[in-house]
Amino acid sequence: MDSIATQAGARAVSARTTATKQKLFDAALKLVGERGAASVTVDEIAAEAGVAKGTIYYNFASKDALVEALLRHGVELLAGRLRSAEESLEDLVDEMLGFWAEYPAFGQLLVSELWRTPGQWHGTLSLLRDDIVSIVRGQMKRLSDEGNLPEGVEVGTASAALFGTLLVIALDWQVFQPERSRAQVRESVMLLVRGLRP
């Protein structure tokens, strides 16, 4: 009986820890997306999350560790969505646009940190970028095998280009053309991709 109560207690603690980390991620993402990682303080993240400053240090060793965990968390969410949409290029494009629509601040963070050279999280971001691009590469490889990529276009280049294009288009959509629907943006991207086929 004691082991059942112990297991139930451990699950409750785990659920609270997960919920607290999600609150911290959400608060950090909001603030970092607005002002950049360097200008946000631990006190501000704690206040935004509605927790004590010590809660951040309990869950993460530092603000830098929180931002790194935030980057990993966001890319894991994106990768999960993309893996569920590997059946077609249109599904992949739609899922990526949907992710950026749901998490525009993460897109801003990712763009700003990817192009900061050499950024503090460059090593982490390189690995995370490679994870996403490898998922896109599967679709590009399929298109290449079907003869649907122009001759001479390397699959790796096409994969990185599509990822970068979607990231920038999604940010442009969110910032400058929010009145457009996701379906309209997706169709514009697909017209562009179809236009590149031989």
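For the classes used in these legends, Ala, Val, Leu, Ile, Met, Phe, Trp, Tyr, Cys and Pro count as nonpolar, Asp, Glu, Lys and Arg as charged, and the others, Gly among them, as polar. By this division, the lining of the second largest cavity has seven nonpolar, no polar and one charged residues. The views below show a predicted model.

**Figure 1. Overview of the protein chain, a predicted model with nine helices and zero strands.** Read along the sequence, the elements follow the pattern α-α-α-α-α-α-α-α-α. The C-alpha atoms fill a box of roughly 65 × 45 × 35 Å along the principal axes. The protein chain has 198 residues, of which 37% count as buried.

**Figure 2. The span annotated as "domain: HTH tetR-type", residues 18–78.** The annotation comes from an unreviewed UniProt entry. Within this span, 80% is helix and 0% is strand.

Figure 3. Side chains of opposite charge can pair when their charged atoms come close. E34 counts as exposed, with a relative accessibility of 51%, whereas K30 is partly exposed at 39%. The count for the structure comes to 15 salt bridges.

**Figure 4. A salt bridge between D43 and K53.** The side chains of D43 and K53 meet with an N to O distance of 3.4 Å. D43 belongs to helix 2 (residues 42–49) and K53 to helix 3 (residues 53–59), so the pair ties together parts that are 10 residues apart in sequence. D43 is partly exposed, with a relative accessible area of 44%. K53 also counts as partly exposed, at 38% relative accessibility.

**Figure 5. The salt bridge between R182 and D94, and the network around this pair.** The closest N and O atoms of R182 and D94 are 2.9 Å apart. Because R182 lies in helix 9 (residues 182–195) and D94 in helix 5 (residues 89–102), the pair ties together parts that are 88 residues apart in sequence. Is D94 buried or exposed? D94 counts as buried, since its relative accessibility is 17% and the cut-off for buried is under 20%. R182 is partly exposed, with a relative accessible area of 32%. Both residues belong to a network of salt bridges that links E90, D94, R182, R186, E187 and R194.

**Figure 6. The largest cavity, with about 80 Å³ of space.** A search of the whole structure finds two cavities of 30 Å³ or more. Which residues line the largest cavity? The lining is formed by Q22, F25, D26, L29, L70, H73, G74, L77, F99, Y103 and F106. Helix 1 and helix 4 (63–83) are the elements that give two or more residues to this lining. By class, the lining residues divide into seven nonpolar, three polar and one charged. Domain 1 (1–60) and domain 2 (63–197) each supply at least three residues to the lining.

**Figure 7. The second largest cavity, with a volume of about 30 Å³.** V75, L110, L114, L125, L128, R129, I132 and F163 line this cavity. The elements that give two or more residues to the lining are helix 6 (104–114) and helix 7 (122–145). The largest share, four residues, comes from helix 7. R129 is the charged residue of this lining, as Arg counts as charged.

**Figure 8. The second largest pocket, with a volume of about 160 Å³.** This pocket is lined by L114, W115, R129, A160, F163, G164, L167 and V168. Which element gives the most to the lining of this pocket? Helix 8 (residues 155–176) does, with five residues. The lining divides into six nonpolar, one polar and one charged residue. L114, R129 and F163 are among the residues that line this pocket, and they are also among those that line the second largest cavity.

How values were computed:
Residues are numbered from 1 along each chain as its sequence is written. This is a predicted model: local features need pLDDT of at least 70, side-chain atom pairs count only at pLDDT 80 or more; totals for chains, interfaces and linings use all residues. Side-chain values use heavy atoms; hydrogens and water are left out. UniProt positions are given in the numbering used here, feature names are shortened, and annotations may be inferred rather than shown by experiment. A salt bridge is a side-chain nitrogen of Lys or Arg within 4 Å of a carboxyl oxygen of Asp or Glu. Buried means under 20% relative accessible area, exposed over 50%, partly exposed in between (1.4 Å probe, protein chains only). On a 1 Å grid over the protein atoms alone, a cavity is a set of points where a 1.4 Å probe fits but cannot get out, and a pocket is an open set with protein on both sides within 12 Å along at least five of seven lines; lining residues have an atom within 4 Å of a point. Grid points are joined across faces, edges and corners, and a volume is the space filled by probe spheres set on the points. Domain bounds come from an automatic or database domain assignment.
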